[in-house]
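Trainee: I would like to learn how to read a structure like this one, feature by feature. Could you take me through it slowly?

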Amino acid sequence: MIILVKYALYLSALTICGINAQEPTEKIEQEQNQRSELDETFEVFHEELYVQPLASGFVNTYFQFTTKWFYQKEENLHNIRLVPRSIAEILLQYDIKELHVSLTQGLWRYESWGYPIKSAPPGAEVWAWFAAENLTSNQVDDQWTRVASTLSGILCASLNFIDHTNTLIPKYGFRPQFINAGGQNITKHLRYSSLPREIVCTENLTPWKKLLPCNSKNGFASLLNSVNVYNTNYHSLAVRVRTFCLHKDECFLEFTESANLVYDPKVLTTTSTNDFSLRRLFGQGLNGHCPLAKSSKVYVKLNTPVRYELNPPPQYNVSSTRGSFTSYYGVYDIQQLKGQRLFNIAWFQGKVPNFPLIPPPLCAHRYIVGQGQEKGKLVTQLTNNHYSGLRIILQENIPWFMPVYMHTLKIRNQRTAELITPKTINYYPGVQRKRPYHLELLFNLPGQTSVEISFDFDYIFLKWLEYPPDANHGHYVGSAVITTQLPLARNYTAIPAWGTIFADSFNASESFYLLQLRTESLLLSLPTPDFSMPYNVICLACTVVALAFGPIHSIATKRIIVEENAAVSSTFYAKILQKLKRGPKTSTKAEINKNKEDKQQLADIETVILQNPDNINSKSKEKSM
């Protein structure tokens, strides 16, 4: 069955860019002589590590964990062993046949690093194929939203923000890599979305590792320490799920987890050399292999621009020829290293002169030009370093807050300044707050040429609640996706569509090599209101209220008592003497109290005189006599 599956995937991949499929008889005869793994067991697990020294001293490490499960019937998805239950339940609940999820921090440098095994844009990217009998587009939209929310909980990511405002329906750039057995009423639907603002951190790595059969305690996953993983120039976590059903009772599932990391050894050491090791990159050696794994192998690329010597040397070497380009790999079979714990591999830079870096056949860049905040221009630059032309499919992912003018679309040859007419244009106009702008272009890119695809757009005002918390930082625009077929495999290390493990890419020469590139994600600075103005108004209003409330509250709540001042002399000299001789405030109050007592005594005497005038007169007569 595996032979028919690979053949069907090969034919599916050939249909991209308008190439007619022809029966590869030699490939079929070759694979018929190989025994399928599914004949031996119903479920197998492989763990692999690929290490490739890059130009400029960088090091690329690619982890891949693959589980293949021949579950036969759909009802058997309840009886899991190696495949995570959450993934099996997604296949049971929804009509998903193929699923791709990536969480990436950083940008892959195609010019100096070549092509990655799996390309991924900055931020989060999710795309899935749905297939079922009489499946409508509305049903797919509903399932797509619920799948995004489910994945958000599984990977602890903000994938629940995926909705109709950032979802595309590509028509040419993506082809299914699954096989579904059914009647003539089977319909296939594709949904694609990206969140360029998504930040990848430890809370994504931990649930990602929990999906592995051996978790992170044993095997290659023990090297993925969060302290060392996030000390890289580029890291990407990915999950892929594919189903293959030749008949209703003959189905198997492929579940793949991958982690792509790029290190700069100069940051991890104090010496000036480019030497490195597994212990220096990951903080520890390799802690054995997963007991549930059928194979645990480390592949090291030997013919790199910077030559290294390995210690210990590989157990054996493998040569792989793809499209007239030969690569050499050293292989370490960890399961054969019995009794060795914390296994380490060291790379020492040799004395052999380095080879010059050959640029890859196709490179892409994307940027915004213009001045002011009224109109701008979005430019995508493609460079073909190959001598022959390439068929290009360009998918532009434009958010709804970036209205574009399609009449300004131009594909200009930078060498001859001529305009290139696209063969096909697939354009879905966007609707503000409802649907993004979707553009797909099919055109031929001449050899040894650079072209610019450009169109104008407007800067618009948003509602104040639609701005992010850091409004002045800007809004992110998702990466463009470029799909093509390379006639040669220079700087190409991707696994074929029909393959599952890294060893399937050895000697996998084909008539073409499917390539997908992701450009940079852009930062768009829209007109932003002065969000500090409400803060200033609130501060000013609170200050005024506080200043007004204090005196009013004092007047309304306190009793006013008027005190008489002590009599003072009226002459100028007397006032000066009184100032010099003035004592503390307590003495002044004592004098005031004494004056009050004297006045009170005088008042009492006057009262007595007025009440008894006869007694006073008789006493005065006696004194006179």
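Predicted model: local features only at pLDDT ≥ 70, side-chain atom pairs only at ≥ 80, totals over all residues.

Trainee: Let us turn to the cysteines; how many disulfides does the count come to?

Mentor: A disulfide is read from the distance between two cysteine sulfur atoms, which must lie within 2.5 Å, and by this rule there are two. In one of them, Cys214 and Cys290 are joined with their sulfur atoms 1.7 Å apart. This link connects distant parts of the chain, for Cys214 is in the loop between α6 (202–210) and α7 (226–229), whereas Cys290 is in the loop between α9 (278–282) and β10 (295–301), 76 residues apart. The link of Cys214 and Cys290 is right-handed, with 60° about the S-S bond.

Trainee: Are Cys214 and Cys290 buried or exposed?

Mentor: Under 20% relative accessible area a residue is called buried, so Cys214, at 14%, counts as buried, and Cys290, at 1%, is buried as well.

Trainee: Which cysteine forms a disulfide with Cys245?

Mentor: The partner is Cys251, and the two sulfur atoms are 2.1 Å apart. The link of Cys245 and Cys251 is right-handed, with 125° about the S-S bond. Cys245 counts as buried at 10% relative accessibility, and Cys251 is buried with a relative accessible area of 5%.

Trainee: What is the pairing when the bonded cysteines are numbered in sequence order?

Mentor: Numbered in that way along the chain, the bonded cysteines pair as 1-4, 2-3. Cys156, by contrast, is in no disulfide, and the nearest cysteine sulfur, that of Cys201, is 9.1 Å away. Cys156 is partly exposed, with a relative accessible area of 40%. Cys542 is likewise in no disulfide, its nearest cysteine sulfur being that of Cys539, 6.8 Å away, and Cys542 is partly exposed because its relative accessible area is 48%.

Technical notes:
Residues numbered from 1 in each chain as written. Heavy atoms only, no water. Helix = DSSP H or I, 4+ residues; strand = E, 2+ residues; numbered from the N terminus. Buried < 20%, exposed > 50% of the residue type's maximum accessible area, 1.4 Å probe, protein only.
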